[in-house]
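Here is a briefing on one structure.

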Amino acid sequence: MAGSARQKRGVGGKAADTTQSSLLAPQSCLRVVISGASSGIGLALAQHYLHQGAVVAAFARRAELLQALSAQFPQQVHCYPLDVRDATAIQAAAHDFIARVGVPDIVIANAGVSRGTLTEYAEDVQAFQQVMDINVLGAVKTFQPFLAAMRAAGKGRLVGIASVAGFRGLPGSEAYSASKAALISYLESLRVELYRSGVKVVTICPGYITTPMTAHNPYAMPFILDADVAARRIARVIHCGKSFAVVPWQMGLVGSLLKWLPNWLYDLLFSKAPHKPRLPNQE
Ligand SMILES: NC(=O)c1ccc[n+]([C@@H]2O[C@H](COP(=O)([O-])OP(=O)(O)OC[C@H]3O[C@@H](n4cnc5c(N)ncnc54)[C@H](OP(=O)(O)O)[C@@H]3O)[C@@H](O)[C@H]2O)c1
């Protein structure tokens, strides 16, 4: 079903319920928009902010998971079941959230997919398209309808969840690495573009976090963190006003080292690295 049509009906009828405004938390509460709030890091971030009393706009495709979150925090969650590739659906959700709750303080573009991809397979071309559309353009589409209002308010944070995988090209993860490198550069462009506007852009590069995305990785994942621990650390970075952080910091050291490795040494070390499995297209 088209995201916009689903969103008009809302989860459990909530988004379209005109009595909803009477249930809203006070305007002084933090207003947070999170894409990919149905699972993993996005869900943990949503729960973190909800426990602090925030009002959260939760974006993701799986309505039933958003509904479960809403049931836990019935007066604080606005569910928008949508696909981040659907700009019209996100624009409708943004207008609805701003009208009901106000201009967000934080918008987190977290939704993402990861799958093994190899350029030599014709069928993987579609997978490249999917990964780039969700991981890169999905972030642009998530920020776009909020930016003018945040600029006018002269405050707020736009947060992108990138990855250490964007620091160097990982074998077997050609689409994912490329998407996260593109996202890191996009976020930097946006940060400079918004210099002194009052709207800050924050780039978060997680290392390994325990979520469904990493559940079947057939290789060692050093310094792996639980999603709720990662969410707390990410929220701290957002709060303290840093523009860039790797979580956990140990992966930041690894990432910095990787960036400085000369190509011949990087190629030698990584040519035999285990690959993320290629999966049949699940869409
Ligand atoms: N886990 C890690 O180790 C790790 C490391 C570095 C970076 N990251 C990044 O962290 C972010 C979250 O990943 P995760 O580990 O929490 O994975 P996850 O548990 O698989 O969650 C991914 C989230 O993205 C949403 N999503 C995916 N495609 C979407 C679409 N087309 N439209 C709307 N929502 C969509 C999913 O919701 P629906 O399926 O319900 O739509 C889900 O809520 C991703 O950007 C990922 O690349 C993760």
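Angles under 35 degrees count as roughly parallel, over 145 as roughly antiparallel, 65 to 115 as roughly perpendicular and the rest as oblique. This is a predicted model: local features need pLDDT of at least 70, side-chain atom pairs count only at pLDDT 80 or more, and totals for chains, interfaces and linings use all residues. Residues are numbered from 1 along each chain as its sequence is written.

**Helix pair**
- Helix 5 (residues 124–153) and helix 6 (residues 174–193) pack at about 20 degrees, with their axes 9 Å apart. Axes are lines fitted to C-alpha atoms, for helices over the stretch in contact, and angles run from 0 to 180 degrees between N-to-C directions.
- The two helices, helix 5 and helix 6, are therefore roughly parallel to each other.
- Helices (H or I, at least four residues) and strands (E, at least two) are DSSP runs, numbered from the N terminus.

**Ligand shell**
- The ligand has 29 residues around it, and G36, G40, R61, R62 and G112 come nearest. A residue is near if its C-beta atom, placed from the backbone, lies within 6 Å.
- Helix 2 (residues 40–51) gives the largest share of this shell, three residues.

**Residue S39**
- S39 sits in the loop between strand 1 (31–35) and helix 2.
- S39 has 17 C-beta neighbours inside 10 Å, so S39 counts as partly exposed. The cut-offs are 20 or more other C-beta atoms within 10 Å for buried, 12 or fewer for exposed, and partly exposed in between, with C-beta atoms placed from the backbone.
- The C-alpha atoms of S39 and A111 are separated by 9.3 Å, at 72 residues apart along the chain.
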